[in-house]
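Trainee: I'd like a close look at one part of this protein, with the rest sketched in around it. Please start with the strands.

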Amino acid sequence: MVDAHAREVRVAVLMGGRSAEREISLKTGAQVSAALEAKGFGVVEVDTGDSDFVTRFATSDCHVAFICLHGRFGEDGTVQGLCELLDIPYVGSGVLASALAMDKVMSKRFYRAAGIPTPDFFVLKRGEELDTGAIVATLGEKVVVKPANEGSALGVTIVHEPAELAQAVGVALTYDRTVLIERFVEGVEVTVGVLGNEHPMSLPTIEIVPEHEFYDFESKYLPGMSRHIIPARISEGARAECERLAVEAHLALGCRGMSRSDLIVSPDGAVQLLETNTIPGMTQTSLLPDAARAAGMEFPDLCSRLIELALEPRT
Ligand SMILES: Nc1ncnc2c1ncn2[C@@H]1O[C@H](COP(=O)(O)OP(=O)(O)O)[C@@H](O)[C@H]1O
Ligand SMILES: [Mg+2]
């Protein structure tokens, strides 16, 4: 269905860019553009990997930007800052929330301050000595090593025994100068999408079942490498808790428009929050669109709802 007001709204779809997730972003951007066009919006696609993209964007005469960029230079507050400078409203979180959510160490500090449970962790900066003994004593032998600022599970290693720790840290350090070493949490992995600005609502909880040991890059993006199960096979109480925590995380980081938090539900029903994505995958088969569909919102409706939220005045 074409929205009546959409005809007057021109949307710049920012896509591509320079992050490790460029290919995913191009796919997201193409599908968002098509959905917005189907809704009747005017669409201008801008590849932020092009050297003249700032001029193209600034002179595109668009009313709003739909940022389809994942990872650095897009999901991290930088492009949001550019939109602020150009005075162009944009879909999703502002500069601060985007930067906070992108940084897994900073966001965990905010979760803790807000009473949101998140696995215990160590932080290691490039050049600092790795104290394997202290890490094993605090977190146990099985840990997860990740770069502080990256997405799509790039540079993430599940470490099963202390002897593997140094190499995993080395891998993560090739992506970022700060590395997060986190306690491994056994359980059912779920993700919860959240929509809204000041009064956000959660979408149905999705259970993720990867073919590999964890939800790595291939599980995320290759067809058939993971299954999305709605409703998640967890207790009613745990499901409600996941949805409550995802909304709390959205509010704690100050997100707008949309977010999607990843969580793990332990066999005893305890829930821990891993991270919050401010620009989750937005192809038709990605997790947030799947959750929206389960709530009765088709992909084009979701895209136009996000434009509406972006144009809502800030309080
Ligand atoms: N502490 C943990 N315990 C168990 N599994 C984890 C943990 N941290 C991450 N994982 C696994 O690694 C995947 C990627 O980690 P995540 O923190 O979501 O980073 P990103 O998706 O940004 O790369 C998760 O989806 C999950 O499968
Ligand atoms: Mg994740």
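In β3, which residue is the bridge partner of V11?

Mentor: The bridge partner of V11 in β3 is V64. Before we go on, keep in mind that this is a predicted model, where local features need pLDDT of at least 70, side-chain atom pairs count only at pLDDT 80 or more, and totals for chains, interfaces and linings use all residues. Residues are numbered from 1 along each chain as its sequence is written, while chains are lettered from A and ligands numbered from 1 in the order in which they are written.

Back to your strand. β1 covers residues 10-15 and runs parallel to β3, with 4 bridges joining the two. Two strands count as paired if DSSP finds at least two bridges between them. As for the names, helices (H or I, at least four residues) and strands (E, at least two) are DSSP runs, numbered from the N terminus. Strands in a sheet pair through backbone hydrogen bonds, either parallel or antiparallel.

Contact, by the way, needs the C-beta atoms of two residues, placed from the backbone, to lie within 7 Å.

Next, the wider layout. The protein is divided into domain 1 (4-91), domain 2 (99-117 + 185-278) and domain 3 (121-183), with bounds that come from an automatic or database domain assignment. The centres of domain 2 and domain 3, taken over C-alpha atoms, are 21 Å apart. Where those two touch, 13 residues of domain 2 are in contact with 14 residues of domain 3. On the domain 2 side, α5 (104-113) and α8 (217-221) each supply at least two residues, and α5 gives the most, with 3.

There's a second sheet to compare with yours. It is open and antiparallel, with 4 strands in the order β4-β7-β5-β6. Its edge strands are β4 (121-125) and β6 (157-159). β4 and β7 pair over 5 bridges in the antiparallel sense, and L124 stands opposite V179 in β7. α5 turns up again here, lying across β4, β5 and β7 at about 50° to β7.

What about the ligand? Both domain 2 and domain 3 give residues to the shell around ligand 1, so ligand 1 lies between them. Of the 18 residues around ligand 1, V144, A153, V185, F214 and Y215 come nearest; a residue is near if its C-beta atom, placed from the backbone, lies within 6 Å. By class, that shell has 10 nonpolar, 2 polar and 6 charged residues. Here Ala, Val, Leu, Ile, Met, Phe, Trp, Tyr, Cys and Pro count as nonpolar, Asp, Glu, Lys and Arg as charged, and the others, Gly among them, as polar.

Altogether the protein has 11 helices and 13 strands.

Notes: Axes fitted to C-alpha atoms, helices over the stretch in contact; angles between N-to-C directions.
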